[in-house]
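Hi everyone, thanks for coming.

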Amino acid sequence: MARHHMSLQQPDPPRIDADAWFDGVDLRELAARYPTPFYAYSANAIRTRIRGLQQALAGLNYAICYAVKANSNLAVLQLMAAEGVGADIVSSGELWRSLHAGIPAQRIVFSGVGKTEQEMAEALAAGIQRFNVESADELEALERLASSLHVTAHAAVRINPDVDALTHAKISTGKAENKFGVSIAEARRWFARAGSMHHVKLDGLHVHIGSQMLSVAPIREALARVAAFWRELEAAGHALNSIDVGGGLGVRYRYGHDEPVTPEAYASAIRDHLGAFKGRILLEPGRYLVGEAGVLLTRVVRIKQGDTHRFVVLDAAMNDLLRPSLYDAWHDIVPLVPRPGPSQACDIVGPVCETGDTFARGRMLPPLEAGDLVMIRTSGAYGSSMSSTYNSRPLVAELLLDEGRHAIVRRRQTFEDMIAGEQPARWETV
Ligand SMILES: Cc1ncc(COP(=O)(O)O)c(C=O)c1O
Ligand SMILES: N[C@@H](CCCC[NH3+])C(=O)O
C-alpha cells in the first residue's frame, strides 16, 4: 500500500496526486477499509511545515508554540512534541491535552480573551509561566492567583495594533473594534504600573491580528507597531524577554489561486522588525502547520437534480467541517474516481437539515455518481476541532498517515459515546 512519489518540499504545499495518494497511502484503499466520512492527516506534511519554518527562522532566538485549537488531536500534539514544538492554548481543556501529549509546561503559552480565574489557577498550578494577557482585570487576577500559589508568572500584553489583516471579517482580530488585546496607549499604562506587581513580571508583548492571511503587508505593519513600542519601552527602562508574534499565516484553500506567504518572507518580516530584539521571539502558527496536511474523505450519497440546481449530497456535513457554512470558505472538492464527461455546475451539500449545510455553490465538477469518493482538501485545520454532533451525527474518525502507514488516531464515535454524560432528569432543589 506504500508508495513514495509525493514531494513535500517547501514552499510547495503537500500535494495529493490526481490518483489519490497521500503520504504514501492510497486514499481509495483507505476509504475501502474505513467508512466515510473521515479525516486523514499526513504526518510528513506537518513535519515538513514545521521544519520549513524552523529553517527559515534559523539564527533567531525563537520558539514555536503551535496553536492547539487548529487541530487538537492527541497524535497531532504528540507529533508537535516530538519535533520540539510547544503549544499556544486557550482553555484548560487545551492545557490538559497538551500536557497529556507530552508538551512540557515551559513550552506552553496561555492566550485568550476570557480566561477564567479557575483556568488561570489550573495553569499556574501546572507550571505554565507565560500568559498573554488581554485586559487589566485579567492582569490583576493573575497577580492575585500567582501570589496565593507562591509562584511567579510572566505576562505579555496582547497589543491590538488596529491593523487590517485583509482576511475574512470573522477571523480578523487586530482591528480596534475587535474584542482582542489592548491599545498601545493602554499597554503603556500597564507598564508604568508594572512595578506594583510582585508575582507577575510584565515582560512581554504579544500580537495576533488575524487568521488565513495571504499577504505579508499587514504582518509587517503589525510587527512595525509592536517593534516601535518595544523600543519605546526599552528606552524607558522596561526589560522585555519575549515578543510573541502570534499566528495567522494563510494556506492554500484554492490550489492554483491562493498564494500563501512563504516561510522565508515571513521570517524576513520578523528579522527586519525584531532582528535586534535580544529576548525570545514566540510564534503561534496553527493553520499553517496542519491545514494543507489534512483532507476530509467523503462519499456521494446521491445526486439530486432539482428544477434549477443540481445537488451533490455527500455523507459529510457542516457538523464535520463547519468552515464553508460559517465563513463561506472555499475548499477544493476533488472527486477521486475520475469519470469521463463534461463538468457540470453543482451545489455540494451535506445531509444536515440546514440550508447552510453547503460546501460549495455552483462548483464545476466532473460527472459524479452515488458512492463516489470525494476529497475535501485543506481540512487539517479548524476541521475536526470545530466539529460537533449536530443532527446526532457521531464525530468522525481521524487517521494519521506516515510514509505508507496509517493509524486511527481517533475512532469514529459510537452512539453510546455520543450520549455519554447525558442522563434522565433526577430532580433536585437548591
Ligand atoms: C492568539 C492566537 N494565536 C494563534 C492563533 C492561530 O492562528 P492561525 O491558525 O491562523 O495560525 C490564533 C487563532 O487565530 C490566536 O487567536
Ligand atoms: N476557525 C477559523 C479561524 C479562527 C482562528 C482562531 N483564532 C477558521 O476556520 O478559519
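I'll start with the overall layout, then go to the ligands, and finish with some backbone details.

Two housekeeping points. This is a predicted model, where local features need pLDDT of at least 70 and side-chain atom pairs count only at pLDDT 80 or more, while totals for chains, interfaces and linings use all residues. Residues are numbered from 1 along each chain as its sequence is written, and chains are lettered from A and ligands numbered from 1 in the order in which they are written.

So, how is the chain divided? There is domain 1 (21-42 + 292-419) and there is domain 2 (43-288); these bounds come from an automatic or database domain assignment. Taken over C-alpha atoms, the centres of domain 1 and domain 2 are 32 Å apart. Their contact takes 23 residues from domain 1 and 23 residues from domain 2, where two residues are in contact if their C-beta atoms, placed from the backbone, lie within 7 Å.

Which elements give two or more residues to the side of domain 1 that touches domain 2? They are β3, β18 and β19 (405-410), and β18 has the largest share, with 4 residues. For the names, helices (H or I, at least four residues) and strands (E, at least two) are DSSP runs, numbered from the N terminus. By type, that side of domain 1 has 10 nonpolar, 6 polar and 7 charged residues. Here Ala, Val, Leu, Ile, Met, Phe, Trp, Tyr, Cys and Pro count as nonpolar, Asp, Glu, Lys and Arg as charged, and the others, Gly among them, as polar.

Now look inside. The largest nonpolar core has 117 residues, and A40, I46 and L142 have the most contacts inside it. Helix α8 (residues 216-235) gives the most to this core, with 7 residues. Both domain 1 and domain 2 give residues to this core, so it lies between them. A nonpolar core here is a set of buried Ala, Val, Leu, Ile, Met, Phe, Trp, Tyr and Cys residues joined through C-beta atoms within 7 Å. Buried means that 20 or more other C-beta atoms lie within 10 Å of the residue's own, exposed means 12 or fewer, and partly exposed is in between, with C-beta atoms placed from the backbone. If you'd like to find I46, it touches Y41, V76, L79, L289, V290 and A293, not counting residues up to four places away in sequence.

On to the ligands. Ligand 1 is surrounded by 15 residues, and the closest are A67, S211, G247, G286 and R287; a residue is near a molecule if its C-beta atom, placed from the backbone, lies within 6 Å of it. This shell divides into 5 nonpolar, 7 polar and 3 charged residues.

Around ligand 2 we find K69, I171, S211, Q212, R323, Y382 and M386. Domain 1 and domain 2 each supply at least three residues to that shell.

Let's stop at K69. An unreviewed UniProt entry places the feature "modified residue: N6-(pyridoxal phosphate)lysine" there; such annotations may be inferred rather than shown by experiment, and their positions are given in the numbering used here, with feature names shortened. K69 lies in the loop between β4 (62-67) and α3 (74-82). Is K69 buried or exposed? It counts as buried, because it has 20 C-beta neighbours inside 10 Å.

The unreviewed UniProt entry also gives a "binding site" annotation, covering G248, E284, P285, G286, R287 and Y382. R287 is in helix α10 (residues 287-290), and Y382 is in the loop between β17 (373-376) and β18 (397-402). Beyond four places in sequence, Y382 touches A70, R287 and R323.

Last, the backbone. Most residues other than glycine have a negative phi, and most peptide bonds are trans. Still, T36 and P37 are joined by a cis peptide bond, with omega about -5 degrees. P37 sits in the loop between α1 (27-33) and β3 (38-42).

D23 is not a glycine, yet its phi is positive, about 50 degrees. L166, also not a glycine, has a positive phi of about 55 degrees. D23 counts as buried, because it has 27 C-beta neighbours inside 10 Å, whereas L166 has 16 and so counts as partly exposed.

That's the tour, thank you!
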